[in-house]
Amino acid sequence: MAKKKDEKDVLVVRDEKTGEISVVAGLNADGSPKRTPAKAENAQSFLQFDRHGDVLDNFFKNFFRQCKEPSRFGFYRVAADQADKLLEVIKDLLKDPDGNKEMLAPHKVDTSGYEKKVQEEQSAEKQEQPEQKQDDEPKKQEEMEQKNEQNQESPQQTQGNRGYQPIDESKINWQELEEKWGVKRDDLEKSGDLTKMLNYGKSDLVRVSPNFGGEAFELDARLSFKKDSEGNVSLVPHFIRKEQKLDEYKEHKFSDDDRKNLRETGNLGRVVDLVDRETGEIIPSFISIDRKTNEITDIPANKVRIPERIGKTEITKQEQDMLRAGLPVRDKLIERKDGRKFVTTLQVNVEQRGVEFVPGTGRSPRAAQAQEAKNNPIQGQAQDAENAAAIQNGQRRNSWTNADGSIRPISKWSGVEFTEQQKADYVAGKAVKLENVTDKQGFHATMYIRFNPEKGRPYRYDTDPDNAQKVAPSNESRTQVAVNSEGKTNEATKNLKEPLRKGQTAPKDTAQQQQQEKPQKRNNKGMKM
């Protein structure tokens with residue numbers, strides 16, 4: 001295990017224009033690789049990459065973001081501990097890379113994935129429009145309501161035990177953290193992350209600038225504090241990882257059921273014994289996956305308090321025992337303090353340091369009634385009669401969920417057929433991106449569809465709701481759909497005769513500009529945008 005963590009590589013880089021062969025020593029200001037001669041005596045200057053870490057990924061992302069001629073360079077990996085033996089061999093092979101293609105293949109770095117990802121990010125950034133504050137108000141209102149609901153109703157428990165002491169901030173060397181990680185105290189305080197970290201929790205995803213080999217890299221990470229035996233406090237970054245292999249964790253080997261539970265809910269679903277590597281103590285613990293970083297995390301079972309009540313809803317003794325064992329409490333009807341109800345699954349989560357509402361399991365009260373009807377045939381018959389009466393009275397039943405309250409699959413929206421993956425994502429509660437949806441005027445638009453458990457039906461979004469906290473909203477099709485399909489008015493185009501095209505928020509040519517400047521009498525009762 002320890003050997004794997006220490007495995008490192010260095011990058012050999014070939015200038016495809018000049019044929020020059022060097023070793024990567026970092027990145028220059030213009031994004032081109034900083035190079036040093038491929039000689040063993042320069043080993044101290046070589047930039048080394050942990051074979052099982054994310055530094056290499058971030059190096060290539062920054063390289064493709066900044067370098068003007070990325071195609072000019074080819075990269076090859078060499079084990080750092082064998083670099084002195086392999087460099088001369090690689091240099092000889094690279095004198096004729098085409099002829100030695102097969103021998104170089106194990107060392108060749110395929111950078112196409114990094115390039116594609118950076119291009120997609122840059123394309124998304126170009127589409128972002130800053131002038132959409134007014135249009136974003138309904139979305140912000142909904143997000144604020146959801147956030148307030150989580151703050152009011154979240155089963156996460158605060159530390160209320162006597163003797164509890166948060167981390168002593170006076171032990172934190174803020175100057176050192178800013179120099180080493182680019183982390184500023186004021187930024188953490190403004191975002192509210194500092195309070196979480198001082199109470200042994202993690203921050204949200206923040207941008208840090210660690211130094212590797214004398215070069216600073218910008219990375220996204222969650223942050224936490226760690227105290228040593230002498231009370232000194234250090235910063236622990238939790239970088240975003242690729243999907244976990246889920247083989248074992250702290251000498252606990254995952255079973256097939258363990259892997260299934262972690263992938264489906266993010267929680268192991270039981271309490272397991274973990275060995276403290278420093279003391280050798282066996283500690284019964286909960287295990288979860290950090291959904292923002294894919295890091296496997298744990299917490300001692302005795303540090304998790306199981307609540308007796310959530311909102312107005314009582315948690316029974318049997319349910320408390322299930323939660324203490326790590327088991328999920330499914331289909332629990334929760335009543336908020338304001339009287340609103342929803343059905344969800346409760347389970348202990350490490351990141352919450354307590355009980356959470358498992359994401360993707362929330363359902364509307366109608367779904368709860370359907371579940372109760374299914375479990376009780378007599379009550380189900382009464383419910384059927386009530387539904388029939390509702391139909392006769394012109395009330396529309398919820399056709400978006402199954403009888404058990406799960407999301408009913410749909411195969412298309414606004415005439416656009418779903419792929420099999422999109423169908424699966426929708427049923428799982430994820431957002432589905434639809435390209436080239438035709439608006440009422442016959443022009444193409446882009447939108448996102450996701451099932452809203454509170455409303456009990458699918459909702460259309462102009463930006464990806466799954467990434468709303470990470471990606472600034474885009475205005476690519478918002479104005480077009482609002483004007484063409486919803487009868488609203490955009491001040492910059494209100495006098496135009498033609499419907500808007502995709503991404504259009506202003507007159508597209510001289511003729512339309514003249515139309516806009518010479519208002520005509522219109523009986524437009526649409527809302528101003």
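**Salt bridges and overall build of a predicted model**

Arg324 is partly exposed, with 41% of relative accessible area; this class lies between buried (under 20% relative accessible area) and exposed (over 50%), computed with a 1.4 Å probe on protein chains only. The model is predicted, so local features need a pLDDT of at least 70 and side-chain atom pairs count only at pLDDT 80 or more, whereas totals for chains, interfaces and linings use all residues. Residues are numbered from 1 along each chain as its sequence is written, and side-chain values use heavy atoms, with hydrogens and water left out.

Arg324 takes part in a salt bridge with Asp321, their closest N and O atoms lying 3.2 Å apart. The term salt bridge denotes a side-chain nitrogen of Lys or Arg within 4 Å of a carboxyl oxygen of Asp or Glu. Both residues belong to helix H11 (residues 317–324), where a spacing of 3 residues separates Asp321 and Arg324 by about one helical turn. Asp321 is likewise partly exposed, at 36%. Helices (H or I, at least four residues) and strands (E, at least two) are DSSP runs numbered from the N terminus.

A further helical pair is found in helix H3 (residues 83–94), in which Lys91 and Glu88 are 3 residues apart and therefore separated by about one helical turn. The closest N and O atoms of this salt bridge between Lys91 and Glu88 are 3.5 Å apart. Glu88 counts as partly exposed because its relative accessibility is 42%.

The next pair involves strands. Arg207 forms a salt bridge with Asp220, with 2.7 Å between the closest N and O atoms. This pair links distant parts of the chain, for Arg207 lies in strand S6 (residues 206–208) and Asp220 in strand S9 (residues 219–227), 13 residues apart. Arg207 is partly exposed at 48% relative accessibility, and Asp220 is also partly exposed, at 32%.

Salt bridges can also join into networks: Asp15, Lys17, Glu20, Arg35, Glu69 and Arg72 are linked in this way. In total, the structure holds 30 salt bridges.

These pairs are set in a protein chain of 16 helices and 25 strands. Of its 529 residues, 39% are buried. Among contacts (heavy atoms within 4.5 Å) with a separation of 6 or more, 52% join residues 24 or more positions apart. The accessible surface of the protein chain is about 31500 Å², and carbon and sulfur atoms account for 45% of that surface; such areas come from the Shrake-Rupley method with a 1.4 Å probe, and for residues only the protein chains shown count as cover.
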